[in-house]
Amino acid sequence: MRMLKHHTTLAIIYFMIIAILGVMLRFFVVFDIPVTYKFIVHTHSHIALLGWVYTALTTLIYFAFLRSQPVQKKYRLIFWCTQGTIIGMLVTFPFTGYALFSIIFSSLFLIVSYWFVFFFFKYCPQNFRKTNSYKLVRISLWYMVISSLGPWALGIIMNTAGSGSALYRNAIYFYLHFQYNGWFIVALCGIFLYIFEKKSFVLPKMIFKRFYYLLNAGVILTFFLSLLWMHPHWSIYLIALIGGILQLIAFGVLFKAIYSKAISVFKGFPPLLSFSIRLVLFMLFIKLIAQILGSFPVITQTIFTNLDMIISYIHWVFLGIVSVLLLAFLKHFRLLKLSMTQLYIYLAGFFLTELLIFSRGLAIITNAGTYPSLHLLISLASIIILIAIAMILGSQLLSND
């Protein structure tokens with residue numbers, strides 16, 4: 001348990017780092033900062049996905065499925081090899097961007113992540129392998145592996161079509177789609193069902209099967225949303241729309257099945273977990289509706305040419321759905337020290353930045369113009385998120401002593 005608390009602390013440190021980098025990126029518009037903006041963007045995105053989320057999510061998976069097994073030494077080796085690659089990216093990307101050493105560390109990370117997948121499949125106890133939660137975590141890990149085809153393809157594409165090609169952009173979108181919608185969200189669904197299973201609530205076999213196949217079909221088909229920037233044939237729009245609808249139906253099936261039991265189960269949850277799950281359900285619903293709307297050509301053409309709208313959507317999923325659930329689950333398993341006050345401050349910063357960024361994007365669409373002070377307000381709102389994460393990290397460091 002102490003080992004996993006230390007690993008959680010490291011994940012929160014990464015969260016703190018990306019918050020600092022995020023504030024720096026916001027202030028680029030306000031002040032002249034003597035660093036390369038593009039390099040900081042690369043660092044911010046890599047440490048966000050591979051430092052904070054990957055470390056926190058694999059820690060949760062180990063806690064839920066593997067901690068009873070005598071494999072702690074093997075896990076530690078995999079963990080610290082992973083951290084070596086992340087730290088390598090942290091010290092190379094800010095100064096070189098995509099260059100020899102940062103690419104080496106990124107490639108090594110992918111290889112070590114495959115090692116973790118093999119480790120999980122090999123050592124997960126048999127009594128877990130028939131559970132619904134295991135099936136979701138298993139497929140989420142496969143999505144992580146599938147997503148890595150994007151980065152591996154980039155080297156070939158750069159040497160053939162070039163970094164300005166549609167193939168290059170689509171390879172990045174492929175990676176991000178299967179990271180966010182496959183690896184992150186499906187794995188968190190698995191942890192969510194694991195918590196319910198520990199409360200002796202198991203989805204009926206047929207209902208889970210329906211949810212599972214609808215969800216995975218939706219994950220695969222919604223990738224076509226990422227191709228709509230190319231203005232493809234109408235059939236691609238239709239496939240993307242079907243994928244969005246299937247995902248909405250999938251979660252409808254899941255929550256209809258647990259609704260009758262949820263009230264009694266939720267009574268046994270701590271207030272922070274119960275509040276976080278309810279909030280994330282709201283944010284997930286907004287995401288699912290946004291996906292469906294985004295499959296219509298008029299909206300697609302507007303969104304893909306509006307950077308603020310894209311950033312607003314990515315942050316809605318990353319800082320909202322994914323990060324809030326990670327914090328809540330880590331707290332639930334007693335791996336993280338987190339108070340409602342800290343969570344409220346984090347959410348205040350999150351919703352305020354979302355509102356401001358979305359407003360700026362909307363102003364561009366409507367040709368309404370933006371207030372010069374809006375850039376500064378977004379920067380200041382980002383500091384609220386940083387303060388909240390700093391408070392969480394401080395509590396965690398004190399609890400580890």
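Helix H7 (residues 166-198) and helix H8 (residues 205-221) pack with their axes 10 Å apart, at an angle of about 160°. Axes here are lines fitted to C-alpha atoms, for helices over the stretch in contact, and angles run from 0 to 180 degrees between N-to-C directions. Helices themselves are DSSP runs (H or I, at least four residues), numbered from the N terminus. H7 and H8 are therefore roughly antiparallel to each other; angles over 145 degrees get that label, those under 35 count as roughly parallel, 65 to 115 as roughly perpendicular and the rest as oblique. The crossing of H7 and H8 is right-handed, meaning that the near helix is turned clockwise from the far one by less than a right angle, with anticlockwise giving left-handed. On the H7 side, His177, Phe178, Asn181, Gly182, Val186 and Leu193 meet Phe208, Leu215, Val219 and Ile220 of H8, where contact means heavy atoms within 4.5 Å.

All of this comes from a predicted model, in which local features need pLDDT of at least 70 and side-chain atom pairs count only at pLDDT 80 or more, while totals for chains, interfaces and linings use all residues. Residues are numbered from 1 along each chain as its sequence is written, and side-chain values use heavy atoms, with hydrogens and water left out.

H4 brings Ser113, Tyr114, Phe116, Val117, Phe120 and Phe121 to the contact, and H5 answers with Tyr134, Val137, Arg138, Leu141, Trp142, Met144 and Val145.

On to the rings. The structure holds 45 aromatic pairs, counted when rings of Phe, Tyr and Trp (its six-membered ring) have centres within 6.5 Å; planes under 30 degrees apart are stacked, over 60 edge-to-face and the rest tilted. One of them joins phenylalanine 63 to phenylalanine 333 in a tilted arrangement, 4.8 Å centre to centre with 35° between the planes. Phenylalanine 63 belongs to helix H2 (residues 37-66) and phenylalanine 333 to the loop between helix H12 (307-332) and helix H13 (340-366), so the pair ties together parts that are 270 residues apart in sequence. Both phenylalanine 63 and phenylalanine 333 are buried (under 20% relative accessible area with a 1.4 Å probe, protein chains only; exposed is over 50%, partly exposed in between). Phenylalanine 196 and phenylalanine 201 have ring centres 5.8 Å apart and planes at 65°, so this pair is edge-to-face. Phenylalanine 196 and phenylalanine 201 are buried too.

Phenylalanine 63 also has arginine 67 over its face, 4.0 Å from the ring centre. The cut-off for a charge over a ring is NZ of Lys or CZ of Arg within 6 Å of the ring centre and within 35 degrees of the ring normal. Likewise, the charged end of arginine 169 sits over the ring of tryptophan 229, 4.0 Å from its centre.

Some single residues deserve a look. Arginine 334, in the loop between H12 and H13, has a positive phi near 60° despite not being glycine, and is exposed at 65% relative accessible area. Histidine 231, in the loop between H8 and helix H9 (234-267), has phi near 55°, again positive in a non-glycine residue. Histidine 42 lies in helix H2 and counts as buried at 15% relative accessibility. Neighbours within four places in sequence aside, histidine 42 is in contact with Phe93, Gly97 and Tyr98.

Definitions and conventions. Helices (H or I, at least four residues) and strands (E, at least two) are DSSP runs, numbered from the N terminus.
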